[in-house]
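Hello,

Here is the structure for you to look over. My notes on its salt bridges and its ligand follow.

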Amino acid sequence: MTKVAAIIGGGVIGGAWAARFLLNGWDVRVFDPDPEAERKIGEVLNNARRALPSLSDHTMPPEGAISFHDTIAEAVAGACYIQESVPERMDIKHQTFTAITAACDKEAVIGSSTSSFTPTELSGEQQDKSRIMVCHPFNPVYLLPLVEVVGGTTAAPEAVETCMEILTSIGMKPLKIEKEILGHIADRLLESVWREGLWLVNDGVCTTEVLDDAIRYGFGLRWAQMGLFETYRIAGGEAGMLHFISQFGPTMEWPLSHLMDVPDLDDALVKKIADQSDAQSGMYSIRELERIRDTNLVSMMRALKAQNWGAGAVLANYDAEKKAALGEPDLSGLVRTVSRTVPLDWLDYNGHMNEARYLQAFGDATDRMMEIVGCDAEYIASGGSYFTAETHIRHIDEVSAGAEITVDTQVVLGAGKKMHLFHFMRASDGRLLATGEHMLIHVSLETRKAAPPAPHIEEKLVAIAKAHEALPVPEGLGRFVGQGR
Ligand SMILES: NC(=O)c1ccc[n+]([C@@H]2O[C@H](COP(=O)([O-])OP(=O)(O)OC[C@H]3O[C@@H](n4cnc5c(N)ncnc54)[C@H](O)[C@@H]3O)[C@@H](O)[C@H]2O)c1
């Protein structure tokens, strides 16, 4: 199969589809009557080039070629996959499909980004409806994996299968939806929440910000990793889904939502939901599911913390307060530079702390020492900093998630541009887990070259180094790889 995709309509969604295919090595042929389309898609592409490769631990394939065409017929020539993303108007969709089917390869898959229409509505009066299906993506299409694929009663099952294979090959998660319905699945769910949200703001119950906070600090994180039913299965505790869902029967009558047209939670529906939930998640005990959920939540919130955003910003503030409470360290002996728990997302396939995390902990220790000598965020913003020139880590003992670790730091040398540190990482029972030896050089961030630190930094560093001369020379100082084995 030659990897050629045609993108018909290159706005918000079409542009991002173009990026998804192109960055996965497909040639992309675009038709969009907007004279600005090339510029707009170019801008979306640049954002996609910045973000999409960050998702993978492997390099992306070489980018395909993108070309812009004056007619739909020209754009679809030679394409085995065609994605329609024109405005959500039935007349435009129909004209577009007529032009596509008249010119495209008879085997080509034709996906529509439509958020609402069904395949039956979309394929309308077309003679050959067998290749036309809904492929409804989520913005940004180049990052979010979900595509709702609806063949309805008109698309050929083998065309749907080919479509699913193609979408999977470009890193997406095509979700086959067996029955066509206006709005498919995800938008119907979003619509319900959106409509209720409009009511809550309209009725002065909350502001838009409070409403968003109610999502992103709580159930939004649960939904992001388990969805609705698996989350509620856990909420049912050891009794599981059957117990949980049975409780809801009477509450369906309560005015808990403006959406009062609800199904009767009779025994048949309760059983259907409980059986489906068993099939979905019954292979895990509730405790296992809780642990999976918790690891996911920890990983997600820590990722958000690095961005100081949403639930991650709460975590960042909490940590900043903990750090402020530490006060001034005693610099006369080894300096406590890290005191933390090994988090769940630091484990490797052997079940212990990944070797890269040893360096991260030592990096954090070095950052703390830099702060202590006055090389803090304000100083760095003024143009000076330390860069690490050399590192030697010895991995001495294992450590697992949940273990408390500390790093104590000795300044072996602090003079001129040089800061030579020796870190001791220990478990709470005193076991030495690792040592890290690092040589840092002070640099000017303007020239990116070695330069002397500000006098107040050098003064403090020299004073600590002098005090540390009284400490024993660290065992292993100056060791190189393999020495002594
Ligand atoms: N915006 C979203 O979040 C979103 C999400 C999922 C699906 N969708 C669906 O994607 C489709 C496109 O939505 P959008 O948000 O990208 O809209 P958009 O307005 O950003 O883009 C539509 C593009 O189609 C072009 N266009 C207009 N007439 C055309 C024609 N006859 N032939 C080819 N191109 C034409 C326009 O110039 C424009 O660039 C809709 O069906 C929409 O329901 C949108």
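**Salt bridges and ligand shell**

Glu161 is partly exposed, at a relative accessible area of 37%. Keep in mind that this is a predicted model.

Glu161 has a salt-bridge partner, Lys176, with the closest N and O atoms 2.7 Å apart. This pair links distant parts of the chain, 15 residues apart. Lys176 sits in strand S8 (residues 173-176), and Glu161 in helix H6 (residues 157-169). Lys176 is also partly exposed, with 38% relative accessibility.

The search of the whole structure gave 24 salt bridges. Two others are worth a look.

Glu43 pairs with Arg39, and their closest N and O atoms are 3.1 Å apart. Both belong to helix H2 (residues 37-51). They are 4 residues apart, about one turn of the helix. Glu43 counts as partly exposed because its relative accessibility is 45%, between the 20% and 50% limits. Arg39, at 41%, is partly exposed as well. The pair is part of a network of salt bridges that links Glu36, Arg39 and Glu43.

The other joins Arg394 and Glu475. Here the closest N and O atoms are 3.3 Å apart. Arg394 lies in strand S10 (residues 384-395), while Glu475 is in the segment after helix H16 (455-468), so the bridge ties together parts 81 residues apart in sequence. Glu475 is exposed, at 53% relative accessibility.

Now the ligand. There are 20 residues around the ligand. Ile13, Asp32, Glu88, Lys93 and Ser115 come nearest. By class, the shell holds 8 nonpolar, 8 polar and 4 charged residues.

- Val12: a backbone N or O atom, 3.0 Å from a ligand oxygen.
- Ile13: a backbone N or O atom, 2.9 Å from a ligand oxygen.
- Ser115: a side-chain N or O atom, 2.8 Å from a ligand oxygen.

How much of the ligand does the protein bury? Taken alone, the ligand exposes 820 Å², and the protein buries 72% of that. Helix H1 (12-23), helix H4 (90-103) and strand S6 (132-137) are the elements that give two or more residues to the shell.

Best regards

Conventions:
Residues numbered from 1 in each chain as written. Predicted model: local features only at pLDDT ≥ 70, side-chain atom pairs only at ≥ 80, totals over all residues. Heavy atoms only, no water. Salt bridge = Lys/Arg side-chain N within 4 Å of Asp/Glu carboxyl O. Buried < 20%, exposed > 50% of the residue type's maximum accessible area, 1.4 Å probe, protein only. Near = heavy atom within 4 Å. Polar contact = N/O pair within 3.5 Å; in protein donor to acceptor, adjacent residues only side chain to side chain. Areas by Shrake-Rupley, 256 points an atom, 1.4 Å probe, with all protein chains shown as cover. Nonpolar A, V, L, I, M, F, W, Y, C, P; charged D, E, K, R; others polar.
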